[in-house]
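Good morning, colleagues. Please turn to the sequence and the structure now coming up on the screen.

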Amino acid sequence: MAARSVAVIGAGIVGTVAACFLRREGHAVSLWDRDAPGSGASFGNSGVISPAAVMPVAMPGLARKVPGWLLDETGPLYLDWRELPRLAPWLVAFLRAGREDRVRAISKALAALNGPTLELLMPLLQEAGLDALVQRKGMLYVAPAGQESAGESLAVSLQRAAGHAVETLDAGALRDLEPALAPGFAGGVLVPAAAHTLDPHRLVTGLAAHFERQGGTLRRGRVDRIVARAPDRAAIEAGGEVLEYDTVVVAAGVWSRLLVAGLGYRVPLVSQRGYHATFTNPGVALGRVVLPTAVSATLVPMAMGIRIGGTVEFAARGAPPNGRRADALCRHAKATLPALNVAERTTWMGERPCMPDSLPVLGRAPRHPAVLFAFGHGHQGLIGAPKTGQVIADLVAGRDPALDLTPFAADRFGLLARLG
């Protein structure tokens, strides 16, 4: 197929990688964002790049834990009770996605999306001169004495079912790998396939610069709406100007819901607020990603220090960050690495675009074939971006993607989508 004109809306990791893949194939690509590349959720992500990320957020047993978490504003999941009427349909679908049969089906879709992440991402980073930003040292899940749950056992079985090695370690083996760990961890598992980036923001901005060097166009401006045209054309309205393209790709994170609503699509996409704390003078060494299973937050060694990130918060639109949640992350980090210096730190809060089943919306818009959807990756935007970019490039070129897009369909939630 001849080169096409393409607008990609959203210069986070998903949109930027998709723009790079499209430009690599010779398309005339404009990458649009109201802010600088990587300024949103991609700025503060935890930097984990794991092909073995095959577990949805909702897992069996979660429903029993939620009531307690909702009463603790520093817990792993917190909902401002005033938001419950607005979010109730989404939360019901979220908890239903945690049934074991659904978890296994969702895991297969995540394995297909996330499994090729490094094999697709690393050549692009090498082209851009950014491959040194990724370290492939595995990911360590550590558990305190006496902790054993069906959810965690299921997580390991899902990773193994997806073809990934999972090595069981005792307390001594844990400390051989990470001497700074607290003595209370009785054992854990190592997933060797996982990697991490030393600087998530630099990775995105570096790819955006590479995109420009390859002839792509960065456009700074707010896209107000997508304008439906003929089946093989679409347009965007930005700053009062209407600009026509052969294809428009929606990869605008939490803002994607409003953009596609203008075309008549109702998707149950919500913002889950996540936090991180980065310890800029940690005073301890960490060799790889460590996840204490009791708190479900990742500690990651980065160029700027050690970062801990995670948790889920549902808050009112525009509500200020809750500093107590960042403080709780600092306590979890200190409990995991007792010698960690937590006095010198920066904190951040960002909004992640999340669907109830932890799967993004990916594929051609059902009634507008010139509009492509690539949003809702939730906690795994960095991991899912490479395969998403490949799928978008395939669709623009008229090729059949090497990925079953059925689990990622925009209309898979039916009535819930209309209520959303």
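Is Cys354 buried or exposed? Cys354 is buried, with a relative accessible area of 3%; buried means under 20% relative accessible area, exposed over 50%, and partly exposed in between, using a 1.4 Å probe and protein chains only. Cys20 is buried as well, at 4%. With a disulfide defined as a pair of cysteine sulfur atoms within 2.5 Å, the count is 0.

A word on the basis of these values. This is a predicted model, in which local features need pLDDT of at least 70 and side-chain atom pairs count only at pLDDT 80 or more, while totals for chains, interfaces and linings use all residues. Residues are numbered from 1 along each chain as its sequence is written, and side-chain values use heavy atoms, with hydrogens and water left out.

Let me turn to the sheet. Helices (H or I, at least four residues) and strands (E, at least two) are DSSP runs, numbered from the N terminus, and two strands pair if DSSP finds at least two bridges between them. Here 6 strands make up an open sheet of mixed pairing, in the order 10-2-1-14-21-20. Strand 10 (217-220) and strand 20 (361-365) are the edge strands, each pairing on one side only. Strand 1 (residues 5-9) runs parallel to strand 14 (residues 247-250), joined to it by 4 bridges. Within this pair, Val6 stands opposite Thr247.

Angles run from 0 to 180 degrees between N-to-C directions, with axes fitted to C-alpha atoms, for helices over the stretch in contact. Helix 8 (residues 200-213) lies across strand 2 (28-33) and strand 10, at about 120° to strand 10.

Technical notes. Contact means heavy atoms within 4.5 Å.
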